[in-house]
Amino acid sequence: MRKYFDVAVIGAGHAGCEAANAVAKMGFKTLLLTLNYNNIAFMPCNPSIGGPGKSHLIREIDALGGIIGRNTDLAHIQMRALNTKKGPAVRALRAQTDKHLYQETMRKYLEKQPLIMMRQGEVTALQRTKDLWRLFLNTGVSYEAAAVIIATGTFLRGKVHIGSLSYTSGPQGQHPSLALAENLEAQGIKFKRFKTGSPARVRKRSIDFSKMIEQPGDRLAHGFSHWLPWQPRAPVSCWLTYTNERTHQIIRDNLHLAPLYSGAITGIGTRYCPSIEGKVADFPQRERHQVFIEPEGLNTDEMYVAGLSTSLPEAIQDEFMRTVPGLENVEIVRPGYAIEYDVVSPEQLLRSLQLRDCPGLFSAGQINGTSGYEEAAAQGLIAGINAGRYLSGEEAFVLGRNEAYIGVMIDDLITKENYEPYRIMTSRAEYRLSLRQENADLRLTDYGYKLKLITEQEYEAFLQKKARIQEKLAFLQENYLTPDSREAQLLQEETGVNLQQKTSLQQVLKMPEIKLPLLWRIFNKEASPGEEDEVVENMIKYQGYLEREEKMAQRLLKTEAKKIPATFDYTAVPNLSAEAREKLSKFRPETLGQAGRISGVSPADLTAILIWMTRNNQP
Amino acid sequence: MNELDTIAAISTPPGEGGIGIIRISGEDAAQIGALILRHPSGRKITSWPERQVRLGLVMSPEGKFIDEVLYFLFRKGRSYTGEELLEIQGHGGYQNLKKILNSAIKAGARLAEPGEFTKRAFLNGRLDLAQAEAVIDLIRAQTDLAHQVALTQLRGELSTVIQRLENSLFEILVPIEAALDYPEDEIPDLEREQVAQRITALCLQLEELLAQAAQGVILREAASVVLAGRPNVGKSSLLNSLLGEERVIVTPIPGTTRDFVAETIDLDGIPVRLIDTAGLRESEDLVEKAGVERTREIIKEAHLILVVLDAGEELTAAEEEMIANTKHKPLIILNKTDLPTVLSVKELKDKFPDYQVLSVSAKTGDGLAALKEAIREALIGRRDFEEHPVLVTRLRHKEALEEALANLQSVAKGLSQQQSEDLLAVDLRAALEALGRITGRSVSEEIIDRIFSQFCLGK
């Protein structure tokens, strides 16, 4: 029997789940393969989702019809609002989730999708035959698919290190994927080695919380999802404690036993997820480091020790943890470890996340050199969408740096030499004020709807929200405050602002001391539920800045519109600098804008390319 | 990207000429034209018939009159560059043309790079294919040259100074950015007052550099020095003496010099453009009245004013007012000291103790050397350019510094208004990016590198 699927997704982690969901929603028959059916949407590291930049990614995925946002809302046990006073651009949510509930919720959701066939199985080889890919499982079964998305996370040739102990393994004792890596390499796909790590998990009842600072959650009016009615839960606390000089001394004394320092690890670690030994070695002046104790779930005694990621021998882990207040009698449930794994060298990727020389073969998630569930999910979504568009012969779906953090991340991935796992940060976004988490749907839901990832019902709700926002903006534009009016007096009483002349509400709102809820109160209008008022207020208050970014974006779009043919031969272009020629030949940018963002490519090089392109296009 | 901006440049060679040409090329050419050009009546221009020469007035974006010009527009595909191109023919003289250019830049054009018009002509297929290689070579050579110049400056003082500024800005910005991306890590809070002080200090440094830049521009593009005074006090004779030859018609009839006479001299290495003005007096003569109006304008724009007085006559109230009300402190020149005098240097010095008073005789040449020295000093001080070269001589650098300054002023304002950190970061970044155009530093990469080298972040 011929077992055919439109798309096969290898790996059911955060990228794989998102990819399968997108493909299925677009109407394609999808095979979702996982090494272990128990471990769908598994979180091998923090039980936490969100934070600046990452929160933005989740909101964008959600606005496009992805699932990480709703799944996080359903599985959260604590939610916090971050950066509430640092400006609208960087406001973010962070959720603590129940890991097991997160997995279960995701599994149940995917099981309900009629077009998704989800099963356990290890792919050991991929083979391209005519227009199809054939996937071989280790059990001898094989499948055919028109497109394949590789979302294998840290499993490809995974190797775990704990002190001098090292063995091939996936994260947290899972089965690694070895044969597939060999097979892909044999087909010419180039890999590099990255490294990441995780702290120990410890037993809850062995912790003395009275020596720690409680970190309660916030009571929030909304979660991540635009579509799911928000159901806050009774928040569970996290706990804060600190390392001290004794901790650091033990780590320093044993640094030579850490694989990263003994030379056992050759993979490149990330600055974004440093190990405690790295922090102690690199910042000797620091007297203490923060340690957050986070519950892994409601129905488990395991606690995550954020801040103490380590690959020192277990005995040393035990010793240094006991110097931390509250952890004097700590019991390790699972030791911390470092893991090395294969990542796809980024120059092989197109903006669609397809591998340049392998039609229909996509990769997404940690295999592309990122760190974090959110980064993985965002790529899964884009790879899924583009696998669907590949099947229907449509142009790739690409988000610009000016449209979404997703666009910033993918553009960074494919134009920059990555030396460490990539983490999204708000400081990477040039259009940070425009890319706010509260306007993600306004930026992206139209795309989601056109891509069929957003349902009619969701889209209708979105249009209504948009209309309400327009209405409010119009009200603020068309209504005025006149000095001596009752409203102006109220304003003065509340804020001390004394208007000298008739002023539009829009102008009034631009004053730093005026907030929108106050204006609604003065005018006896109802404040909106959810984030609508926040959108309205930000659009008005930051109008000048937003216009500036819009202008910048217009320039960006012009360069992005200049496409460089896939077959463009950089060696033929005279006057390119040697460095530019080398980098451009390697990264093969798809647009002139991308070319300009590759380091070592100067404006003069861009001119030379442009001239050459123009010249060769002329009859 | 550069190729897509609307660019502008002075297209005639530098130096004096009857007319000079400004060209504006790119998709916004007419739009920019509409912002800076008016009908002679002052009305806005709404129609742009192609290739028809029209008379118009150039205004600054603030609506200030600059020059009466001829202009015409080429539509896209029909100009030298192949783009929409607006050509403006103004009155010659670098200062005037530069004002027109500046006004185009303020209205949205970008200053063209050397060779950029030609480059565009090629890109748009207006040049023959055979010329392609030559054009590429040309551009490459020019950017290489620019690169060399940049390298030279990198080793030099300017770069050191700018890099110091950049480092100070990074020191302010990096903790802000780190705290925005890592709200749960231990990063000290923003101390607004302390940062405001540092920003103010940086603004001062930028202002100083910009003041120097004005000197730099004087060195490169000539200073304008205006001879002002009542009719018949000998302005024209003085101008001629300074020039060393008879060029201006001198008559004893007041009001002979109806318009401007301008000549450039080399004053000990500094190019100085001497401008003789119409006699400043109330007149019923309409032509002359217009001249008087323009005199006031010219005086306002000048780098230095010489108020010329007749030693044979009493000081008038109008003259007194002229000395007191001129924006920059003028030099007071007592002329005709070869003839019997009623007005003395001492009397003037008593009356204007803060001013420099010089006595000359345009006729005999007495005091001319001292006058030249005084002009030089007033323009560029006693700076020894051999030992302390002016750092900022390029207009592009000056623009970058001005932009950085404006951004920092916005930061200062934001700090005092309790503006949120994400907005402060926008202006700080913009300032750094402006300075980065001088030093070639890439801002966003460096921010992230500095965040992680300075702070221990992440769980």
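A network of salt bridges links A:R401, A:D411, A:D412, A:K416, A:E430, A:E560 and A:R597. A salt bridge here is a side-chain nitrogen of Lys or Arg within 4 Å of a carboxyl oxygen of Asp or Glu. The model is predicted: local features need pLDDT of at least 70, side-chain atom pairs count only at pLDDT 80 or more, and totals for chains, interfaces and linings use all residues. Residues are numbered from 1 along each chain as its sequence is written, chains are lettered from A in the order in which they are written, and side-chain values use heavy atoms, with hydrogens and water left out.

Over all chains the count is 63 salt bridges. Some of them are listed here.

| Pair | N to O distance |
|---|---|
| A:R401 and A:D412 | 2.9 Å |
| B:E177 and A:R432 | 2.7 Å |
| A:R286 and B:E186 | 3.3 Å |
| A:R486 and A:E487 | 3.6 Å |

Within chain A, A:R401 is buried at 5% relative accessibility, and A:D412 is buried at 3%. Buried means under 20% relative accessible area, exposed over 50%, and partly exposed in between (1.4 Å probe, protein chains only). A:R486 is partly exposed at 46%, as is A:E487 at 21%.

B:E177 and A:R432 are both buried.

The interface of chain B and chain A holds nine salt bridges. Its contact (heavy atoms within 4.5 Å) takes 52 residues from chain B and 58 residues from chain A. The buried area, meaning the accessible area (1.4 Å probe) that two parts lose on being put together, summed over both, is about 5000 Å², and carbon and sulfur atoms give 54% of this area.
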